[in-house]
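Have the 3D view open as you read.

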Amino acid sequence: MSTVRGEYVRSKQSWAVDQERLRHSQALHMLGENVMFCLLWTARDYENQLVGLCTVCASDRISKAYGQASRNKCPSCFGTRFEGGYRALIVRPAIFTDADDSQSFTARGVVTPQEVHLETTSDFRVHSGDYAMRATGERLQLRVPQRTTLRTGFGTPYQREAATAYNLARAAVEDEDSVAYLIPPATEPLIEILSRTGHTPPSFDDVEIIRAPLIPLYEQD
């Protein structure tokens with residue numbers, strides 16, 4: 001005689017995601033540093049009509065023919081080809097690994113790259129090419145980010161509901177002549193902003209600029 005035994009599948013436990021996020025955020029605020037992230041416009045933002053083309057460098061024949069900005073150091077779009085250059089300037093806590101100096105041979109000659117890894121909060125999405133600005137005055141270009149989500153059932157773990165630390169990324173220090181240093185604020189005001197104290201955590205509402213959702217609707221998976 002055989003017996004069919006069913007199994008009880010628990011419903012989604014939202015508190016588990018909240019607790020895991022809380023642990024990540026607490027560690028970032030206690031052990032990390034304030035960092036300004038510059039989230040650049042992307043081609044998908046343009047396709048979804050969130051931004052227009054740069055009126056300074058994206059209207060000439062070269063840009064129209066090749067689909068790229070004709071000036072890498074355009075003061076209006078910072079080489080992105082899209083109006084305003086960036087989608088958002090926000091300040092978030094982040095933890096960086098130590099950087100070791102090294103040398104490598106590239107097409108530009110001998111360079112001294114400094115590459116680190118960082119983790120920050122999961123309430124926004126970064127892309128390759130975005131920038132992180134530190135209180136040291138350094139500006140780093142972000143590489144392909146990684147996603148960490150908490151599975152609580154059989155459903156797809158969407159970032160908005162299940163992400164605990166989406167923004168795990170590699171970052172490389174930019175040269176001082178890079179277009180990254182044209183993005184406001186300038187170095188001295190940046191250091192002053194990121195060195196704020198007096199609040200837990202300090203407020204940066206007066207310096208943040210958000211022109212579109214930090215997690216676009218078409219990227220909420």
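What follows covers a helix, a few strands and some salt bridges.

First, the ground rules. This is a predicted model, so local features need pLDDT of at least 70 and side-chain atom pairs count only at pLDDT 80 or more, while totals for chains, interfaces and linings use all residues. Residues are numbered from 1 along each chain as its sequence is written, and side-chain values use heavy atoms, with hydrogens and water left out.

**The helix and what covers it**

Let's start with helix α5, which spans residues 187–194. Helices (H or I, at least four residues) and strands (E, at least two) are DSSP runs, numbered from the N terminus. In α5, L190, I193 and L194 are buried, and buried means under 20% relative accessible area, exposed over 50% and partly exposed in between (1.4 Å probe, protein chains only). These three sit on the same side of α5, because they cover an arc of only 85 degrees around the axis; the arc is that of the directions from the helix axis to the C-beta atoms. Turn to the face pointing away from the buried side of α5 and you'll find the exposed residues E188 and E192.

So what covers the buried residues of α5? The cover includes β1 (33–40), β2 (86–96), β6 (131–133) and β7 (139–142), with contact meaning heavy atoms within 4.5 Å.

**The strands**

β1 is itself mostly covered, with seven of its eight residues buried. It pairs with β2 in the antiparallel sense over eight bridges, where two strands pair if DSSP finds at least two bridges between them. N34 has P93 in β2 as its bridge partner.

Strand β2 holds an arginine worth a look, R87. R87 counts as buried because its relative accessibility is 0%. Its side chain reaches the backbone oxygen of L214 at 3.4 Å. That is a polar contact: a pair of N or O atoms within 3.5 Å; within protein, one must be able to donate a hydrogen and the other to accept it, and residues adjacent in sequence count only if both atoms are side-chain atoms.

**The salt bridges**

How many salt bridges does the structure hold? There are six, a salt bridge being a side-chain nitrogen of Lys or Arg within 4 Å of a carboxyl oxygen of Asp or Glu.

| Pair | Closest N and O atoms |
|---|---|
| R92 and D123 | 3.0 Å |
| R170 and E115 | 3.1 Å |
| D206 and R196 | 2.9 Å |

R92 is buried, with a relative accessible area of 14%, whereas D123 is partly exposed at 36%. R92 and D123 also join E208 in one network, through salt bridges that share partners.

R170 lies in strand β8 (residues 168–173) and E115 in strand β5, so that pair ties together parts 55 residues apart in sequence. R170 is partly exposed, at 31%, and E115 is partly exposed too, at 38%.

D206 and R196 are both in the loop between α5 and β9 (209–210), ten residues apart. D206 is exposed at 57%, while R196 is partly exposed at 25%.
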